[in-house]
Amino acid sequence: MLADRHGVQAVGLAVRLLGNPGLARGNPLERHFRDIQCAPVHAPQEDISVLAIGTKALETRPSADREDR
């Protein structure tokens, strides 16, 4: 999820810095720009990732840990 976010931001910044030539078919940056646009759409999507991370973070501890308190 973070790699997708940072990749989209980095390539977007590079295209903005280069301007219109960054979108020309012969420029390798154009291909990166097209490819990175797909990253947030492919599974697992961000909402599912956040749900899984949150669920794992909020799981209760095993009963052995609770007995030590």
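1. In helix H2, the buried residues are Leu29, Glu30 and Ile36, where buried means under 20% relative accessible area, exposed over 50%, and partly exposed in between, with a 1.4 Å probe and protein chains only. Because these residues cover an arc of only 135° around the axis, they fall on the same side of H2; the arc is that of the directions from the helix axis to the C-beta atoms. The cover over the buried residues of H2 includes H1, and helices here are DSSP runs (H or I, at least four residues), as strands are (E, at least two), numbered from the N terminus.

2. A word on the basis of these remarks: the model is predicted, so that local features need pLDDT of at least 70 and side-chain atom pairs count only at pLDDT 80 or more, while totals for chains, interfaces and linings use all residues. Residues are numbered from 1 along each chain as its sequence is written, and side-chain values use heavy atoms, with hydrogens and water left out.

3. As to the overall make-up, the protein has four helices and zero strands, and its pattern, read along the sequence, is α-α-α-α. Of the 69 residues in the protein, 14% are buried. The protein exposes about 5700 Å², of which carbon and sulfur atoms supply 60%; accessible areas come from the Shrake-Rupley method with a 1.4 Å probe, and for residues only the protein chains shown count as cover.

4. Helix H1 has 17 residues and reaches 24 Å from its first C-alpha to its last, close to the 24 Å expected at 1.5 Å a residue, the expected span being 1.5 Å times one less than the number of residues. Its buried residues are Gly7, Val11, Gly12 and Val15. They cover an arc of only 120° around the axis, which puts them on the same side of H1. On the other side of H1, Leu2, Gln9, Arg16 and Leu17 are exposed, and what covers the buried residues of H1 includes H2. After H1 comes Gly19, with a positive phi near 80°.

5. The largest nonpolar core consists of five residues, namely Val11, Val15, Leu29, Ile36 and Ala39; such a core is a set of buried Ala, Val, Leu, Ile, Met, Phe, Trp, Tyr and Cys residues joined through side-chain atoms within 4.5 Å. Helix H1 (2–18) and helix H2 (28–36) are the elements that give two or more residues to this core. Val11, once its neighbours within four places in sequence are left aside, is in contact with Leu29, His32, Phe33 and Ile36, contact meaning heavy atoms within 4.5 Å.

6. Glu30 in helix H2 deserves a separate look. Glu30 is buried, with a relative accessible area of 7%, and its side chain makes a polar contact with the side chain of Arg34 at 2.6 Å. A polar contact is a pair of N or O atoms within 3.5 Å; within protein, one must be able to donate a hydrogen and the other to accept it, and residues adjacent in sequence count only if both atoms are side-chain atoms. Not counting residues up to four places away in sequence, Glu30 touches Gly22, Leu23, Ala24 and Arg25. At the start of H2, a side-chain oxygen of Asn27 reaches to within 2.9 Å of the backbone nitrogen of Leu29.

7. Gln9, which has its place in helix H1, is exposed, with a relative accessible area of 52%. Gln9 and Ile36 are 27 residues apart in sequence, and their C-alpha atoms are 9.4 Å apart in space.

8. Helix H3 has 13 residues and reaches 18 Å from its first C-alpha to its last, close to the 18 Å expected at 1.5 Å a residue. Of the 13 residues of H3, the number buried is one, so H3 lies largely in the open. Ser49, in helix H3 (residues 46–58), counts as buried at 11% relative accessibility. Leaving aside neighbours within four places in sequence, Ser49 is in contact with Met1 and Pro44.

9. Pro44 is found in the loop between H2 and H3 and counts as exposed at 54% relative accessibility. Pro44 and Met1 are 43 residues apart along the chain, and their C-alpha atoms are separated by 8.3 Å.
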